Structure formats: structure tokens, C-alpha cells
Amino acid sequence: MSRMSEELPAYAERVLEVAERIPPGRVMTYGDVAEWLGEGGPRQVGRVMALYGAAVPWWRVVRADGVPLPGSERRALEHYRAEGTPLRETPSGEPRLAMRGARWDGREEDGGGDEAHI
């Protein structure tokens, strides 16, 4: 994200860096991102994503209930399906993220252990 560092507040840049690190097929909640950074909260992360998220894989930062981003459901679902992100259906047939399988804890996927925070 250094290409935008002069344009972005420092916190926004850190949030977007986390979003870029989330592997395809995985997601983090707004709260997960804030916790991983050790600052801010879900609303602050959501605000950053609303203002600046188009520059990163925005569909990988989600609500904790697994509901696709309102207004961008189709685009998000296209990305989830293309990346193999675990999905489930509600009793009424609406798609949701299967959070148990989709949620990423910020560790390397290859079993390399915990990674240092940004």
C-alpha cells in the first residue's frame, strides 16, 4: 500500500494492508482486522473499507454474521465463488459466508506459525 501512503491516513493504510494479506478463499471480520492491528474497532475498519476499500480485495473483509456487503452482494458472491470461499445457504435460500470455514486468523496458511503484526 505504500503507493498510496501520501494520500491515506496511517490507520487506513494499515487496515488496507491487512485486507491485502487475506488469502483468496478466506475472510476476516471488521472486528478481526481491528483486533489483529491492536487498534480501532469494527466501525473504524468498516469506515476505512467504505472510503478506501475499492483499492484492495474488499470482499474479504466482512460482517461477523457472514452476510455479504449490502449493495454489493452479487459482486461479492462472484468473488467468493471464484476463490472457493466456503458458503452456506440460509433456510430461506440466501447465500451467506460459512464463517467457520472461511474465517482467517491472520496466520500463514503453510503452517509457518504466527506472523508478526504489521
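User: To begin with, among contacts in the chain between residues at least 6 apart in sequence, what percentage join residues at least 24 apart?

Analyst: Happy to! This is a predicted model, and the answer to your opening question is 57% of those contacts. For context, the chain has five helices and four strands, running α-β-α-α-β-α-β-β-α from the N terminus. Of its 118 residues, 43% are buried.

Now to the core itself. The largest nonpolar core holds 30 residues, and the members that touch the most others are Val 15, Val 33, Val 45, Met 49, Val 61 and Tyr 80. Two or more core residues come from each of helix H1 (10-21), helix H2 (30-37), helix H3 (42-52), strand E2 (61-62), helix H4 (73-83) and helix H5 (99-102). H1 gives the largest share, six residues. As a general point, nonpolar side chains in soluble globular proteins tend to be buried together.

Setting aside neighbours within four places in sequence, Val 33 contacts Val 15, Val 18, Met 28, Val 45 and Val 61. Of these partners, Val 15, Val 45 and Val 61 are also among the core members with the most contacts to other members.

One polar residue is worth a look as well. Arg 26 sits in the loop between H1 and strand E1 (28-29). Its relative accessible area is 19%, so Arg 26 counts as buried, the cut-off being under 20%. A polar atom of the Arg 26 side chain lies 2.5 Å from the backbone oxygen of Arg 103.

How values were computed. Residues are numbered from 1 along each chain as its sequence is written. This is a predicted model: local features need pLDDT of at least 70, side-chain atom pairs count only at pLDDT 80 or more; totals for chains, interfaces and linings use all residues. Side-chain values use heavy atoms; hydrogens and water are left out. A nonpolar core is a set of buried Ala, Val, Leu, Ile, Met, Phe, Trp, Tyr and Cys residues joined through side-chain atoms within 4.5 Å. Buried means under 20% relative accessible area, exposed over 50%, partly exposed in between (1.4 Å probe, protein chains only). Contact means heavy atoms within 4.5 Å. A polar contact is a pair of N or O atoms within 3.5 Å; within protein, one must be able to donate a hydrogen and the other to accept it, and residues adjacent in sequence count only if both atoms are side-chain atoms.
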